[in-house]
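Dear colleague,

I am passing a structure on to you, and the sequence and model follow directly below. Please look it over first, and then read on for what was found in it.

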Amino acid sequence: MPSMVCSDLNRALSDEFLIPSNRDIGAKTLPEENADQRCTYLCGNSLGPLNKRSKAMLQEELHVWETRVVEGHFAHPYGREWMNITDTVTPLLAELVGASENEVACMGTLTANLHLMMAAFYEPTAQRFRILCEGGAFPSDQYAFASQARLHGYEPSDVIIEMWPREGEYILRESDILDLLAEEGSSIALVIFSGVQYYTGQWFPMQAITSAANAQGCICGWDLAHAIGNVPMALHDWGVDFAVWCSYKYLNSGPGGVGGLFVHKKWENTILPQYAGWFGHDPSTRFDMPPQFSAIPGAQGFQQSNAPVLATVSLLGSLQIFKEVGMIGPLRERSLRLTSELETMLVKSRFYVPVNEVSAQQDQPGFTIITPRDPDSRGSQLSLLFLPPESDVMKKVFHALSAKGVVGDERNPNVIRLTPAPLYNTLGDCERAAACLEDAFEGLTIS
């Protein structure tokens, strides 16, 4: 039986989220009587919406800044002293990723944190110098891998192994990843995949990959941008060496929100920050201004500067809502149901093409779903691939959906991602998205 928190898919799990109206987002083909209804927002995989809690907390912080100025660092009317502001979110982040508090730091941005982690963990030798990742990783990750290879004197093409799906397939097979690790592991210094792949929505088998990488003597790290707040994880128990994430997607912290990182406790006394900063120093002597750096044990030793207070407080508001609904367990249960319902509606479309029949769809408009059908291999997101290849079908459908008040996001060359997020989306959102997609196809003319 579904838990009480998931039982009614027709109602939003939380009423804290401020979903824009159709008028707000410029939906142009709806009747005027629908203009002020909430839009169908299925883009939380890209940017989560604002919530009332975060909005109120941000207003409080602005007032504290106005009235307390620098003293807000040490004496705060709401008990959120700026000096220790990350202490409010660290326990909640640790719970979401399956870690202890000293294994987690709320800091920086995803790519900056990735560079910090690679500076600490990527130590190539003549025999072991390669980096294994998924093909088509998010560009910022690719740039980081390449620049770190160059920093160590290598050509990226000699270092980076990109794993691509088999011909005619869209997702990586677990067996292929594990086989490659078994064959090439002795030359691989670092294995780093996305927890959930941004383009396909595939949730990689994190525990199995980590275990196989560690067995080969490889460091294993993860980009959790699309995983944190979306799927359950146990980074400590799985033996993950490090991980990095952003917070503006499923964690709803706001555009450009603060990032985070994880460093396993096993490295606490052996891996030290390569790029030290004031806030990574032992807080008991930080204001003594000593010339020699003394790192906080664990992940928080990698902190460099004082935390961005407004960004952290915005994250706190959302994480409090996560806590109130029971954190990732109940959310995952509801997510599985919502995404399954959306998938069921989509595959009933007369324009749907089974993924194994895509090669035969050369001239008629249609779509397939490249996200794994197995719920255990995906999060909330479904990635729709539009056909035929190299046509403008995706662009036309995307604009038609937007005009009808359905907000997904387009990823070139031919994917639209639709994500029913369990905190604020409903079965009605799924129904409306599927109906509008069908209408968009019905009115389609290929140029």
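Does phenylalanine 129 count as buried or exposed, and what is the relative accessibility behind that? Before the answer, please keep in mind that this is a predicted model. Phenylalanine 129 has a relative accessibility of 18%, and since buried means under 20%, this residue counts as buried. Tyrosine 154, by contrast, comes out at 23% relative accessibility and therefore counts as partly exposed.

Because phenylalanine 129 lies in the loop between helix 3 (110-121) and strand 3 (130-134), while tyrosine 154 lies in the loop between helix 4 (139-151) and helix 5 (156-159), the pair ties together parts that are 25 residues apart in sequence.

A further pair is formed by phenylalanine 193 and tryptophan 222, whose ring centres are 6.2 Å apart with planes at 40°, so that this pair is tilted. Here phenylalanine 193 belongs to strand 5 (residues 188-194) and tryptophan 222 to strand 6 (residues 219-223), and the pair therefore ties together parts that are 29 residues apart in sequence. Phenylalanine 193 counts as buried at 1% relative accessibility, and tryptophan 222 counts as buried at 0%.

Elsewhere, ring pairs join Phe351, Tyr352, Phe367, Phe386 and Phe441 into a cluster.

Aspartate 409 is placed in strand 12 (residues 409-411) and, with a relative accessibility of 6%, counts as buried. Its side chain makes a polar contact with the side chain of arginine 417 at 2.4 Å. Leaving aside residues up to four places away in sequence, aspartate 409 touches Cys43, Asn45, Ser46, Phe398, Val415, Ile416 and Arg417.

Finally, a word on helix packing. Helix 1 (residues 52-68) packs against helix 9 (residues 309-324) at an angle of about 145°, the axes being 8 Å apart, and their crossing is right-handed. Among the residues that make this contact are Arg53, Met57 and Leu58 of helix 1 and Val309, Val313 and Gly317 of helix 9.

Notes: Residues are numbered from 1 along each chain as its sequence is written. This is a predicted model: local features need pLDDT of at least 70, side-chain atom pairs count only at pLDDT 80 or more; totals for chains, interfaces and linings use all residues. Side-chain values use heavy atoms; hydrogens and water are left out. Helices (H or I, at least four residues) and strands (E, at least two) are DSSP runs, numbered from the N terminus. Buried means under 20% relative accessible area, exposed over 50%, partly exposed in between (1.4 Å probe, protein chains only). Rings of Phe, Tyr and Trp (its six-membered ring) pair if their centres lie within 6.5 Å; planes under 30 degrees apart count as stacked, over 60 as edge-to-face and the rest as tilted. A polar contact is a pair of N or O atoms within 3.5 Å; within protein, one must be able to donate a hydrogen and the other to accept it, and residues adjacent in sequence count only if both atoms are side-chain atoms. Contact means heavy atoms within 4.5 Å. Axes are lines fitted to C-alpha atoms, for helices over the stretch in contact, and angles run from 0 to 180 degrees between N-to-C directions. A crossing is left-handed if the near helix is turned anticlockwise from the far one by less than a right angle, and right-handed if clockwise.
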